[in-house]
Amino acid sequence: MGSPVTPALVINERWCRERAVAGEDETVIREDGGDLSGQVGLVTGASRGIGRAIALALAEAGLDLALAARGQAALDAVADEVRALGRRCVAVATDVGVPAEVDRLVARALAELGRLDVLVNNAGVDAHGTVEESAVEDWQRVLATNLTGPYLCSRAVLPAMRRQGGGAIVNISSGAGKTGYAGMAAYCASKFGLMGFAEALAAEVGDQGIKVSTICPGTTVTEFGGRPPARQAGVKVLLPEDVAAAVLYLLRQSPQAWTSEMTLWPFRELPA
Ligand SMILES: NC(=O)c1ccc[n+]([C@@H]2O[C@H](COP(=O)([O-])OP(=O)(O)OC[C@H]3O[C@@H](n4cnc5c(N)ncnc54)[C@H](OP(=O)(O)O)[C@@H]3O)[C@@H](O)[C@H]2O)c1
């Protein structure tokens, strides 16, 4: 299946070619037109919700994929969907907060798929309760998955990306990574922390051709936090596919452009 090229990219490519023809700059020509086929991606939290939508969008765009989540059965089901799109896929049950499991995940991805061009740090959990009422175990569980997980996964893929001459790391944060909400201290702390982590990492690896970006989605229709995926009347929401489209937009940006942070707001109520 071909990869659709966004109008913005087409315009951008034409501008680059005109400059090149005029002899102004030959280095900015984008030869691939945003084509991602042949690349390999790793998506965490890929067994449902936003991660599943990202995995399927990347597969449709031509990437082979390594998928991670703790539960193997649901992960295998998404891997089957990816293979049905004609892509290679390895599904590795992984807790992203456990260093040895992350190292094993990345080793298997490289052994079976040969390279790693894209990491999407999407796995996430939440916990509710005031600071006083909350259990320290919940605080540690949320921080381990939402903050330590992206640190461990990024650290594990960087050597391969550097060897290959570049790559992209996309972190799925949240509106709760920019605004604090009562009863959500652990979640907000983890997502605010992810923003800082991403900014620091971007500064560390940008000159190695590795783009680090963060997407902050608003409320998205998934089973996050065990809630039913129902659309409530009067509430504006995003679909998982909206977040997946944002990831693809980032990956298809021209080599000379980098979006460090993208806030994705729900704009209208979806039809029931
Ligand atoms: N839904 C929203 O409204 C919303 C809004 C903004 C941001 N986000 C963020 O978007 C991301 C995805 O959320 P979602 O709505 O798609 O949630 P979801 O439907 O609950 O999916 C979460 C995914 O993460 C995996 N996961 C959880 N803990 C993990 C761990 N320790 N190690 C590896 N995988 C783990 C889950 O699989 P297992 O349970 O099998 O591990 C599942 O695949 C999260 O980072 C969330 O914070 C969501």
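Leaving out residues up to four places away in sequence, Leu67 touches Val43, Ala46, Ala55, Leu75, Val78, Ala79, Cys89 and Ala91. These contacts, like everything below, come from a predicted model. As a rule, nonpolar side chains in soluble globular proteins tend to be buried together.

Val78, one of the partners of Leu67, belongs to helix α3, residues 72-84. Val78 has 24 C-beta neighbours inside 10 Å, and the cut-off for burial is 20 or more, so Val78 counts as buried. Setting aside neighbours within four places in sequence, the contacts of Val78 are Ala46, Ser47, Arg52, Ala55 and Leu67. Take Arg52: 26 residues separate it from Val78 along the chain, yet the two C-alpha atoms are 6.7 Å apart.

Now for the ligand. Its surroundings comprise 30 residues, and the closest are Gly45, Gly49, Arg70, Gly71 and Gly124. Sorted by class, this shell holds 15 polar, 11 nonpolar and 4 charged residues. Both α2 and β2 (64-69) supply at least two shell residues each, with the largest share, 3 residues, coming from α2.

Helix α6 covers residues 185-205, and its length checks out: at 1.5 Å a residue, its 21 residues should span 30 Å, which agrees with the 30 Å between its end C-alpha atoms. The buried residues in α6 are Ala186, Tyr187, Cys188, Ser190, Lys191, Leu194, Phe197, Ala198 and Leu201. The buried residues of α6 pack against α5 (136-164), β5 (167-172) and β6 (210-217).

How confident is the prediction? The protein averages a pLDDT of 90, and 87% of the residues score at least 70. Over residues 1-13, though, the pLDDT is below 50, and this stretch has 19 contacts in the model beyond near neighbours in sequence. Residues 26-30 also stay under 50, with 11 contacts beyond four places in sequence.

Notes:
Residues are numbered from 1 along each chain as its sequence is written. This is a predicted model: local features need pLDDT of at least 70, side-chain atom pairs count only at pLDDT 80 or more; totals for chains, interfaces and linings use all residues. Two residues are in contact if their C-beta atoms, placed from the backbone, lie within 7 Å. A residue is near a molecule or strand if its C-beta atom, placed from the backbone, lies within 6 Å of it. Helices (H or I, at least four residues) and strands (E, at least two) are DSSP runs, numbered from the N terminus. Ala, Val, Leu, Ile, Met, Phe, Trp, Tyr, Cys and Pro count as nonpolar, Asp, Glu, Lys and Arg as charged, and the others, Gly among them, as polar. pLDDT is the predictor's confidence in each residue, from 0 to 100. A residue is buried if 20 or more other C-beta atoms lie within 10 Å of its own, exposed if 12 or fewer, and partly exposed in between; C-beta atoms are placed from the backbone. The expected span of a helix is 1.5 Å times one less than its number of residues.
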